[in-house]
Amino acid sequence: MIYFYDGSETAFLTAFVLSYRDEQATLVSGNAQLSLGQETVFVRADETSAARARERLLRYDKDCMHDLSMLLRSGDPERDRAALGYFRLIAKKKCPVRGMFAEPAVIETDTCLRRIGTELEHLRGFVRFLVCESGALYAPISPDHDIADLLLPHFRARLPLFPFAIHDVRRKKAAVYDGKNSFVAPLDRAEVILSADEENWKELWKDYYRSVNIPSRERLKQMRGYMPVRYWKFMPEKSL
Amino acid sequence: MFVLYNTGMITEQKLRILTEAAKFDVSCSSSGSDRRNEGGIGNAAANGCCHSFTPDGRCISLLKILLSNDCVFDCKYCRNRVSSDTPRATATPDEICELVIEFYKRNYIEGLFLSSSVFVSPDHTMEQLLLTAKKLRTEYNFHGYLHVKGIPRADPRLVHETALYADRMSYNIELPSERSLRLLAPQKSRESLLLPMKDLQLSKIAFKEEKRKGKFLPAGQTTQMIVGATPETDGTILRLSQSLYRVNGLKRVYYSSYVPVVHDPLLPEKAAGEVREHRLYQADWLLRFYGFSAEELVGEEGNLSLETDPKCAWALRNMQLFPVEVNRAPLEMLLRVPGIGARSAYKITEARRYTTLRFEDLKRMRVVLKRAKHFLTADGKFYGEKREQAVRSLLAEGKPEQLSLFSDRETVFSALTGEL
Ligand code: SF4
């Protein structure tokens, strides 16, 4: 049976309970293609059932809900299978399973979580702010995983004097710091008026990028490995 | 209406001259500090961060720039030496500060790596570096990462004061022996480089003991050596590095393979091989994190093998210690197995607490066994090649792989050992 849910934590836990005795269960969220001919249940989030599951799982592993909230940010196609397997294993072993790397579900979960961690690390470096006329900063991003808000604390600690918005253009939402508080808000398109010298600084940066390169040692493969092409779009030194 | 242009903006041409000249300095990393934001701009995270990568595969973390390239010294290997005919530029402290702030705000960089040729005199240069560091911290309120190069033969008081503003300072050893130094960098001497290092090290210790307010080089000191311009062996170089780590408390030694930018009868015409530089970094890595000593890796007069990485080469010389059993071998030994890195070693030590590991388990755990299988047993079973010769040929690499794993990113490592 296929259990279709909306990707929220409550719906996941509801689906987890519903599918618990079903050995063949597949969890699906997002806009996955549903293959015809398979029996499908659309799971409606049920707060009571989710709360019960949450409480029980937390008894076995007090940190597991953190894993879940991270997993649900993942844009990987395997993440639903990984999450289901991981939480089933916790329920079965009745203890934290994080270190049981010989279990396929643990490795899969670990991989999903590490990919999110890697993207976070990447974006801490690759986010590019544009300086607006007002002095505020604006950075469009298009990450694989839903992590815009996880970037907030990092930039808030660095740039406390500047209001800023990190705009996930794919998911149409923005992580915002208004100079005092941070929050997440839906945002479709942003209108920004750039500061007068924004272009000049951008050009200087591109100059810098060109002049630190050592052309006789070209290693494009390595560059792409460290800085995947999908991030280039918003980086002035790489976009055309 | 009139547009008020910021008068401090550095010109493109100046930027180009001053960064071109700085780019061969390899120490890009910005890690090891923990400067918090105190109501200004920026902080320095404990783990470095790469903001971009250039087509040569190197990480851009810091704005790496010279204050001036107008040098009065005459090091033979250097394009900025007094006798060379090259365009000259000198930036003002404010030009540098503004550039840093504007780049940092846009998240282009993690901080500044400020170096300089010796312009006018060592003292004058150090004064200007100090002034820039001080302005950046106090007037521009910048709390991001700051690495300042020390100028040999400058007044120690200036150096000392600079250390109160910088996260890290470095004196470059440049060449691995006094003899080479005398030949190629006549105004420098081993002493003029090692003494200030020692000085800073002692001051840092005193600073800590006196529990004084503020910071004194929280990210310590580093240095750099040019490899391949002179005849020193890898054995000599690694012994020097080892003593710099152990005795001088250095945080990192960088190796820069020689690139001919000038012609001189005393210098080789060809660039030194990058494979050699790569092997030195691997060996250095083993010194710092895997518990190896220089003596284990290579004889004093010897060079590292270019075909085999240093860990593999060590294992092949010590076949009597292998195979080790994954379920029992201590972490230190697992780390010495060719092909097993920090991450795999960690996974193994975790997983074996719950179950006895077999080869299938290792595979499932995505431990790469291509090489490791010759040195391991899992639950008593061995799947590797028995005869040493077969192992040897198996391991000889056609071309150096894994360049990426060991290149200049401390972040890669810290990401791994955070969990160890
Ligand atoms: S001191 Fe030597 S290495 Fe440094 S810039 Fe001057 S000539 Fe070049």
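## A buried helix in chain B

B:D234, B:G235, B:I237, B:L238, B:R239, B:L240, B:S241, B:Q242, B:L244 and B:Y245 are the buried residues of helix 7 in chain B. Keep in mind as you look around that this is a predicted model. Because 10 of its 13 residues are buried, helix 7 of chain B is largely enclosed by the rest of the structure.

What covers those buried residues? The cover includes helix 6 (190-209), strand 7 (221-227), strand 8 (252-257), helix 8 (274-289) and helix 9 (294-297), which belong to chain B. Helix 7 itself runs over residues 234-246 and spans 18 Å from first to last C-alpha, close to the 18 Å expected at 1.5 Å a residue.

## Aromatic pairs

Over all chains, the structure holds 27 aromatic pairs. One of them joins A:F12 and A:F87 edge-to-face, with 5.9 Å between centres and 65° between the planes. This pair links distant parts of the chain, with A:F12 in helix 1 (residues 9-18) and A:F87 in helix 4 (residues 79-93) of chain A, 75 residues apart. A:F12 is buried at 0% relative accessibility, and A:F87 is likewise buried at 0%.

In chain B, you can find B:F103 and B:Y108 paired edge-to-face, at 5.3 Å centre to centre and 70° between the planes. B:F103 is buried, at 0% relative accessible area, and B:Y108 is buried at 1%.

Back in chain A, A:F12 and A:F87 belong to one aromatic cluster together with A:Y5, A:F16, A:Y20 and A:Y86.

A:K238 lies over the face of A:W232, 4.8 Å from the ring centre, while B:R336 lies over the face of B:W314, 4.7 Å from the ring centre.

Note on methods: Residues numbered from 1 in each chain as written. Chains lettered and ligands numbered in written order. Predicted model: local features only at pLDDT ≥ 70, side-chain atom pairs only at ≥ 80, totals over all residues. Heavy atoms only, no water. Helix = DSSP H or I, 4+ residues; strand = E, 2+ residues; numbered from the N terminus. Expected span 1.5 Å × (residues − 1). Buried < 20%, exposed > 50% of the residue type's maximum accessible area, 1.4 Å probe, protein only. Contact = heavy atoms within 4.5 Å. Phe/Tyr/Trp six-rings, centres within 6.5 Å; stacked < 30°, edge-to-face > 60°. Lys NZ or Arg CZ within 6 Å of the ring centre and 35° of its normal.
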